[in-house]
Structure formats: structure tokens, C-alpha cells
Amino acid sequence: MSEFKPAITLAFSGASGAPYGLRLLEVLVAMNYQVYVLISSAARVVLDTESGIKLSGNEQKATEQLSALYQAKPEQIKVFGKDNWFSPVASGSAAPKKMVVCPCSAGSVSAIAMGASDNLLERAADVVIKERGQLILVPRETPFSSIHLENMLKLSQLGVTIMPAAPGFYHQPESIQDLVDFMVARILDHLNIEHTLAKRWGYGEQH
């Protein structure tokens with residue numbers, strides 16, 4: 001039996017919001033989940049721009065980088081390249097039942113809605129949908145055009161959770177990290193993973 005909790009697929013596409021995905025990865029690793037990581041070419045640029053992480057395009061090197069960054073156990077983090085069609089996430093018989101795309105670009109939303117499957121990220125999302133698994137998309141775009149909204153509506157009607165990167169302020173955040181944790185906490189809620197990242201509505205101090 002695996003020493004890890006069930007694997008979760010975490011994909012980064014090219015939208016702004018890399019800190020959300022990185023924080024989610026950090027928390028999942030700390031909670032002993034195995035994480036399959038998918039990163040688009042555009043996402044690598046965003047990771048460097050927003051978080052200063054120059055992630056290698058080589059699967060093994062990227063795996064080593066993220067494992068060292070979050071002190072993961074051997075085999076806990078596995079990075080798969082966009083053309084690795086032999087990875088577990090590409091097949092309904094092996095893919096994790098839970099997948100999060102965080103952040104999710106409008107382009108990725110469109111491709112997933114159309115069932116394009118032109119790269120591993122799109123194929124992995126397609127697999128989760130067809131296998132009736134749980135897919136959460138965290139789009140970060142503003143404003144949304146009618147095209148974006150139509151694509152998200154289509155996916156929502158298929159059971160996909162659309163969770164825009166729109167942190168709340170009722171918990172009186174004091175830092176950017178507080179805002180990031182708010183969104184990550186909501187994602188964890190929908191994954192049914194217990195956490196203490198953020199105060200819940202009605203449970204904080206009354207003012």
C-alpha cells in the first residue's frame with residue numbers, strides 16, 4: 001500500500017495566480033497527499049514572473065526542484081511533461097479522481113470545454129470529466145467575455161466546479177498570503193480536505 005494519501009492532479013496553466021497553485025501544492029504535500037503536477041509552457045513563464053521559480057522543462061529536474069522546495073518525500077511529487085501520454089493522468093484506468101487547474105487560463109477553459117486534448121493538461125481534464133471525477137478550475141481573468149462565460153457554463157453543467165480566483169475580505173486579511181490562503185482554503189473545502197488555513201464565516205470574532 002502507498003504511504004501517501006490518494007493522488008491529486010494539480011495543473012498550472014498560463015493565467016496569473018501562480019501563488020495560489022504553489023500554496024495548494026505546499027499544503028497538499030504537508031498533508032501527505034501524492035501530487036501529480038502538470039505545467040504548461042506559459043505557466044513556466046508565469047511561475048518565474050510571479051514567484052521567481054525557474055522551473056526546468058525536464059520532468060525529472062522539475063520534480064526534484066519542487067520536491068526540494070516543499071520538502072516532499074521521494075515519489076510524493078511527480079511532474080509530467082505536456083506530451084507525456086504514458087503518464088497515469090492520461091488514462092481513465094489510472095488517473096486520480098480529483099484534479100485542480102490552478103490557475104486556469106481562459107484558453108485552457110476553452111480547450112477543456114471543447115474536449116481538445118491537445119496536451120496532457122487538457123487530456124487529464126478530459127479524463128476526469130469522462131470518468132465522472134471531480135474537476136476544479138480556478139480561472140483568473142477579468143473581465144470575462146461572453147465566450148469565457150459560455151465555456152464556463154458548459155463545464156459547470158457537466159459537473160465541473162468553476163472557482164474564480166476571487167478572495168473575500170470578511171476575514172480582514174492583513175497580507176497577500178492571507179488572500180492566497182483564502183482561495184486555497186476554498187479549494188480544500190471542495191476537495192473535502194480538512195484544514196485550518198482561514199477563518200470560516202461566523203466563527204471569527206464579532207465586531
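Trainee: At what angle do helix H4 and H5 pack?

Mentor: About 50°, with the axes 9 Å apart. Keep in mind that this is a predicted model.

Trainee: Which residues make the contact?

Mentor: H4 gives Ser 108, Ala 111 and Ile 112. H5 gives Leu 121, Glu 122, Ala 125 and Ile 129. By class, that is 5 nonpolar, 1 polar and 1 charged residues.

Trainee: How many residues of H5 are buried?

Mentor: 8 of the 11, so H5 (residues 120–130) is largely enclosed by the rest of the structure.

Trainee: Which ones?

Mentor: Leu 120, Leu 121, Glu 122, Ala 124, Ala 125, Val 127, Val 128 and Ile 129. Note that Glu 122 is in that list, and Glu 122 is also part of the contact with H4.

Trainee: What happens at the start of H5?

Mentor: A side-chain oxygen of Asn 119 comes within 3.1 Å of the backbone nitrogen of Leu 121.

Trainee: And just after H5?

Mentor: Arg 132 has a positive phi there, about 60°, although Arg 132 is not a glycine. Arg 132 sits in the loop between H5 and S5.

Trainee: Is Arg 132 buried or exposed?

Mentor: Exposed, because its relative accessible area is 72%, and the cut-off for exposed is over 50%.

Trainee: Which other residue has a positive phi without being glycine?

Mentor: Gln 172, with phi near 55°. Gln 172 is in the loop between strand S6 (161–162) and H7. Gln 172 is exposed too, with a relative accessible area of 51%.

Trainee: New topic. Where are the cis peptide bonds?

Mentor: One runs from Cys 102 to Pro 103, with omega near 0°. Pro 103 is in strand S4 (residues 98–104). Another joins Thr 142 and Pro 143, with omega about -10°. Pro 143 is in the loop between strand S5 (134–139) and helix H6 (146–157).

Trainee: Over to H1. How do H1 and H2 cross?

Mentor: At roughly 90°, with the axes coming within 9 Å. H1 and H2 are therefore roughly perpendicular to each other.

Trainee: What makes up that contact?

Mentor: Ala 18, Pro 19 and Leu 22 from H1, with Val 46, Leu 47, Glu 50 and Ser 51 from H2. The classes are 5 nonpolar, 1 polar and 1 charged.

Trainee: What does Arg 23 touch?

Mentor: Beyond residues up to four places away in sequence, Arg 23 touches Gln 177, Val 180, Asp 181, Val 184 and Leu 197.

Trainee: Where is Asp 181, and what are its contacts?

Mentor: Asp 181 lies in helix H7. Asp 181 counts as buried, at 8% relative accessibility. Leaving aside neighbours within four places in sequence, Asp 181 contacts Arg 23, Leu 197 and Ala 198.

Trainee: Last one. Where does Lys 199 sit?

Mentor: In the segment after helix H7 (176–190). Lys 199 is exposed, with a relative accessible area of 53%. The C-alpha atoms of Lys 199 and His 171 are 6.5 Å apart, with 28 residues separating them along the chain.

Conventions. Residues numbered from 1 in each chain as written. Predicted model: local features only at pLDDT ≥ 70, side-chain atom pairs only at ≥ 80, totals over all residues. Heavy atoms only, no water. Helix = DSSP H or I, 4+ residues; strand = E, 2+ residues; numbered from the N terminus. Buried < 20%, exposed > 50% of the residue type's maximum accessible area, 1.4 Å probe, protein only. Polar contact = N/O pair within 3.5 Å; in protein donor to acceptor, adjacent residues only side chain to side chain. Axes fitted to C-alpha atoms, helices over the stretch in contact; angles between N-to-C directions. Contact = heavy atoms within 4.5 Å. Nonpolar A, V, L, I, M, F, W, Y, C, P; charged D, E, K, R; others polar. Parallel < 35°, antiparallel > 145°, perpendicular 65-115°, else oblique.
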